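Hi,

Here is the structure I said I'd pass on. Have a look at it first, and then read on for what turned up.

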Amino acid sequence: MVAVPRLSHGILSLNIQTKEELYEAYLPYIINSGLFIPTLRSYHLGEEVFMLLELMDEGDKIPVTGKVIWVTPKGAQGGRTPGIGIQLSADDTTLVNKIETYLAGTLNSEKKTNAL
């Protein structure tokens, strides 16, 4: 199941309820890390985005700012989910640490090790 954002007054809202949804949305391989946000709304590369993130057991919504670094349009080849990839602000280190704590072990399990 993919987390589906709701749009309200120009602010995106993303509700991530499971570790699997968080793993699918988190982009650790871009500068400052990032998030994939499924949306049908049209965005342009470089556009600033503001959203409120509901992250699993967190009581409060987390304000997140970022810059659109890719767009997957509706009807994209291969049946990919339409949405945007955002690069998080350099100020979002607390959020990145929180996400990586939730995903501890999951991210490390995909790293290749060199066998002797």
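In what order do the elements of the protein run from the N terminus on? This is a predicted model, by the way, and in it the order is β-β-α-β-β-β-β-β-α-α. In total, that gives you seven strands and three helices.

Now for the chain as a whole. The protein has 116 residues, and 35% of them are buried. Its exposed surface comes to about 7400 Å², with carbon and sulfur atoms supplying 53% of that area. Contacts are worth a look too: if you take those between residues at least 6 apart in sequence, 58% join residues at least 24 apart.

Where do the two partners sit? Look for F36 in strand β4 (residues 34–38) and for W70 in strand β6 (residues 62–72). The pair therefore ties together parts that are 34 residues apart in sequence.

And are these two buried or exposed? F36 has a relative accessible area of 14%, so it is buried, since the cut-off for buried is under 20%. W70 comes out at 25%, which means it is partly exposed.

Cheers

Methods: Residues are numbered from 1 along each chain as its sequence is written. This is a predicted model: local features need pLDDT of at least 70, side-chain atom pairs count only at pLDDT 80 or more; totals for chains, interfaces and linings use all residues. Side-chain values use heavy atoms; hydrogens and water are left out. Helices (H or I, at least four residues) and strands (E, at least two) are DSSP runs, numbered from the N terminus. Buried means under 20% relative accessible area, exposed over 50%, partly exposed in between (1.4 Å probe, protein chains only). Contact means heavy atoms within 4.5 Å. Accessible areas come from the Shrake-Rupley method with a 1.4 Å probe; for residues, only the protein chains shown count as cover.
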